[in-house]
Amino acid sequence: MDKEVLRELRAISGAAYVLDSEMERYAYSYDSTPLYRAMPDVVIQPAEVKEIAAILKVASRHRIPIVSRGSGTNLSGGTVPLEGGIVLHMSRMHQLKEIDTDNLTATFESGLITADLHREVEAVGLFYPPDPGSLRVSTMGGNVAECAGGMRGLKYGVTKDYVMGIQAVLPDGSIVSFGGKNAKDVAGYDITRLLVGSEGTLAVITEITAKLLPLPETKRTIIAFYREMVDAAKAVSAMIAARIIPASLEFLDQKTMKVVEAYTPLGLPLDMAAMLLIQQDGPASQVEQDVERILSLCKTSGAVQVDVAKDDEEGEKLMSARRNALSALARVKPTTILEDATVPRSRLAQMVTEINRIADHYGVDICTFGHAGDGNLHPTCLTDERDTEEIERVEQAFAEIFHAAIRLGGTVTGEHGVGIAKAKYLDLKIGEAGMELMKRVKAAFDPHGIMNPGKMFAKDARRRVVIQTHEHVHGN
Amino acid sequence: MNTSMETKQIDPFLSIEREKKSASHAVTFDLDELMNCMRCGFCLPSCPTYRETGKEMFSPRGRIALMKGMATGNTSLLSDEFAQNMYMCLGCRACETACPAGVHYGRLVEGARDVIEAHKRKEAAASDQPLTLTRKERIIRDIVYKKLFLYPKRIDRMGKGLWWMQALGLQTFADRTGLMHILPKPLANMQKAVPKVASPRRRKARQPLVTSKRGVSRGRVGFFTGCVMDVLFFETNEKTARVLSKVGYDVVFVKEQACCGALHAHSGESYGAIALAKQNIEAFERANVDFIVNNAGGCGASLREYAHWLQDDPNYGERAKAFVAKVRDISEFLAPIDDLPFQGTLDATVTFQDSCHLRHGQGIYRQPRALLERIPGITLVELPHADSCCGSAGIYNITNFDRSMRILDDKMIEVKATKASYIVTANPGCLVQMRQGVVRAGLQGQVEAVHIIDLLDRVL
């Protein structure tokens with residue numbers, strides 16, 4: 001990077017927070033997505049919004065790419081600096097500014113860790129429901145930029161349902177605020193919603209106001225085992241038809257159960273095709289009533305075995321089968337590729353069948369678990385990135401899985417975002433005209449194309465899930 | 001110690017040289033282990049250096065990524081900056097507990113230090129004036145890793161020297177006259193926390209075999225004394241043997257046991273660690289014991305690595321496995337025993353600071369807490385972030401003094417808030433650090449730092 005530009009950046013943020021040695025840049029060349037890597041030219045850790053505005057002015061003038069990043073836990077390659085440039089690491093901007101107990105909102109800087117927000121609001125009897133798997137590590141800015149989901153999506157929705165206001169910096173350095181604490185607010189276009197899930201391609205999100213709920217009084221956990229995936233799916237439909245919306249409604253397929261059981265023995269019956277984990281929360285009397293009805297619906301839909309956890313501790317133990325799924329799978333092979341193809345919940349069983357057929361056809365190892373209640377599946381491929389021939393087959397298998405999801409009325413990504421990983425498949429979902437509109441929206445925010453370039457919109461037409469290590473040499 | 005008791009042995013230094021020569025392969029990274037990291041980042045909040053700096057390269061994920069980069073051909077990453085980063089890691093292994101994929105981070109960082117030291121040696125051989133190894137650093141490393149910790153007798157002599165210094169009041173003299181200012185700050189600070197060591201006469205009076213006080217013997221325990229433990233906390237070691245004998249075991253102070261090798265393994269001197277491992281395996285084989293019990297979390301974690309260190313050794317591989325199968329931490333050993341013969345009570349509030357290598361290295365954290373709760377009269381208050389390193393971290397409080405003290409001072413604020421009158425530890429390094437923390441926080445007379453055995457010995 002140009003020495004003069006570096007000097008300008010150091011003057012803005014201080015030399016200690018402008019990192020440009022090879023080691024420092026290397027440590028920001030990746031995120032949690034397997035197989036992607038690209039070197040940034042410089043990493044900056046800003047302390048406040050004014051710094052970011054000044055940095056973006058410099059970047060705009062010199063047409064330097066900007067990649068804003070929290071803890072780098074996303075699974076779509078969203079924070080890999082594909083075209084080099086400046087990585088803005090938001091770790092220093094983690095202040096929780098306010099919990100407003102009158103308006104039930106929280107306002108915080110975007111570097112706040114999700115679990116820290118949970119802890120603080122729960123301490124005053126409030127509740128921020130979205131709980132992505134990485135919540136102990138991820139930042140709220142990252143959750144908003146990717147529109148993170150989690151296990152409570154069915155009843156409580158996802159990140160976009162809780163963001164009421166956003167402060168952001170546009171590429172030209174102007175600071176803008178949309179939305180706020182008003183429950184009703186139709187002043188102009190809903191830019192707040194547009195920025196949620198925009199993956200850093202439009203603006204840098206610096207401050208967020210989120211909606212809070214009262215913390216549910218109690219919760220109960222149920223576990224049900226099925227010989228056929230179809231029966232498990234029937235149970236899901238039966239619950240919804242009976243107007244019961246559980247807080248969590250998760251499933252594991254047989255392959256995942258086997259791996260989980262080998263990792264932490266829970267006594268799972270491994271001859272079963274699927275298990276459902278159901279958690280309901282709310283006022284104690286209502287939860288009791290729901291649990292009784294859920295139990296009977298599980299049985300009538302063909303469950304071979306149904307159990308209710310005695311207490312929270314046992315409930316957590318049962319839920320750990322689901323929480324440990326990725327950990328357990330990650331230990332089997334060196335490379336774990338986790339996807340998030342999603343279908344309407346009525347198509348769940350069909351989609352699982354399709355995934356198994358496709359995995360067999362390409363001879364790859366795919367275990368599936370996920371959020372049964374909202375049709376958000378996590379087909380997870382266990383492979384080794386050093387085996388290029390196998391990786392080629394993995395690529396083909398995932399391509400077919402995404403096509404299958406679309407055929408069933410689903411989408412290519414439920415909660416991980418498009419990033420690089422799904423960029424080649426985005427048009428499958430939104431079509432040519434939709435793509436053109438999105439590109440025009442992008443250009444309106446970012447005329448010079450410096451915001452997280454290479455994400456969301458694929459540069460070439462060849463579809464592929466995984467690319468070889470993407471070594472980027474820029475400037476110098 | 002009696003010289004005639006000493007069996008004839010090969011000089012450990014020579015056996016290290018032999019280890020070096022016999023290693024046909026170059027010192028490299030374990031790519032298979034590096035591949036197990038899926039970069040999920042779950043380790044980040046558990047890492048003391050990431051929490052402090054907020055910088056990715058100072059996280060376990062960052063360090064692994066750098067190692068993997070080098071292992072896959074980005075050799076330019078092997079720089080002084082990288083070396084500093086690898087030594088900035090406390091080696092607390094809290095990330096291993098947090099890791100969903102079961103990555104053996106401790107082994108990886110030790111491997112990286114091996115690569116760094118091998119690289120320095122190569123550079124030193126190629127040039128008269130190696131850039132990366134200062135003369136001072138070379139001398140210190142030489143003393144610590146080649147001249148001192150390989151030789152138990154020399155450590156014993158150091159203990160005696162320390163006693164003489166304390167007995168003659170040299171320490172107070174040095175303190176008062178300001179002579180202590182000559183010492184580097186870390187050492188000057190630490191000497192205040194060093195306990196009164198046992199006299200040479202007391203050391204000489206140690207019984208090599210302490211028999212069961214319960215009439216019958218439940219088994220034969222080989223006691224691994226640990227070198228720092230045996231110099232600084234000789235009495236705690238005596239108490240450990242006494243407690244075991246009261247519980248019903250015969251306890252052997254095994255002759256010819258050596259340093260566990262942790263210091264060498266953590267510092268890129270794996271050849272030294274392997275030589276020491278072999279020496280210990282032989283010594284405990286000769287002693288013919290049922291269990292190998294230790295009371296130092298750091299040593300215990302290292303002893304359990306022997307099977308890994310020697311996995312490819314045709315002569316020692318299986319013997320190392322047999323050795324590891326017998327290793328027990330004292331809390332792990334005592335906790336399952338139902339009939340501990342408690343005699344007294346201890347009406348006090350205590351709190352427990354985990355030893356990182358006991359908790360994260362060996363997965364032992366319930367047992368010491370369970371033991372403390374069984375002491376009649378005691379109130380155990382859980383210390384917030386007890387599982388987070390106190391900053392002692394081997395010799396980290398000497399090599400990275402300022403950062404270590406920042407970590408310690410934060411820890412002492414939490415200790416004070418528990419209102420405990422004892423802060424209980426399970427490793428000598430933590431114990432010295434906690435003693436230093438008590439002094440720094442001005443809590444002398446209110447809080448006492450002790451080893452868990454010190455409390456158990458009072459009531460058993």
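Buried area is the accessible area, found with a 1.4 Å probe, that two parts lose on being put together, summed over both.

Chain A is assigned domain 1 (93-214), domain 2 (218-318) and domain 3 (333-416). Let us look at domain 1 and domain 3 of chain A, whose C-alpha centres lie 29 Å apart. Between them, these two domains bury about 450 Å², and carbon and sulfur atoms account for 45% of that area. On the domain 1 side, the residues that lose the most area to domain 3 are A:Glu146, A:Gly150 and A:Leu154, together 67% of what that side buries.

Who touches whom here? Eight residues of domain 1 of chain A are in contact with six residues of domain 3. The domain 1 side of this contact consists of four nonpolar residues, three polar ones and one charged. As for specific pairings between domain 1 and domain 3 of chain A, there are zero salt bridges, while two residue pairs are in polar contact, with both residues at pLDDT 80 or more.

Now step across to the other chain. How many residues does each chain bring to the contact between chain B and chain A? Chain B brings 34 residues and chain A brings 39. The area buried between the two chains is about 2700 Å², with 55% of it coming from carbon and sulfur atoms.

This interface has three salt bridges. One of them joins A:Glu385 to B:Lys68, with the closest N and O atoms 3.7 Å apart. The interface also holds 19 residue pairs in polar contact, again with both residues at pLDDT 80 or more.

Which parts of chain B face chain A? The elements giving two or more residues to that side are helix 2 (31-35), helix 3 (48-53), helix 4 (60-71) and helix 5 (80-88) of chain B. Helix 4 gives the most, with six residues. Taken as a whole, the side of chain B that touches chain A divides into 17 nonpolar, ten polar and seven charged residues.

Finally, a word on confidence. Chain B has a mean pLDDT of 86, and 83% of its residues reach 70 or more. Over residues 1-9 of chain B, however, pLDDT stays under 50, and the model has nine contacts beyond four places in sequence for this stretch. Where pLDDT is low, the predicted coordinates should not be read in detail.

How values were computed: Residues numbered from 1 in each chain as written. Chains lettered and ligands numbered in written order. Predicted model: local features only at pLDDT ≥ 70, side-chain atom pairs only at ≥ 80, totals over all residues. Heavy atoms only, no water. Contact = heavy atoms within 4.5 Å. Salt bridge = Lys/Arg side-chain N within 4 Å of Asp/Glu carboxyl O. Polar contact = N/O pair within 3.5 Å; in protein donor to acceptor, adjacent residues only side chain to side chain. Helix = DSSP H or I, 4+ residues; strand = E, 2+ residues; numbered from the N terminus. Nonpolar A, V, L, I, M, F, W, Y, C, P; charged D, E, K, R; others polar. pLDDT = per-residue confidence, 0-100. Domains from an automatic or database assignment.
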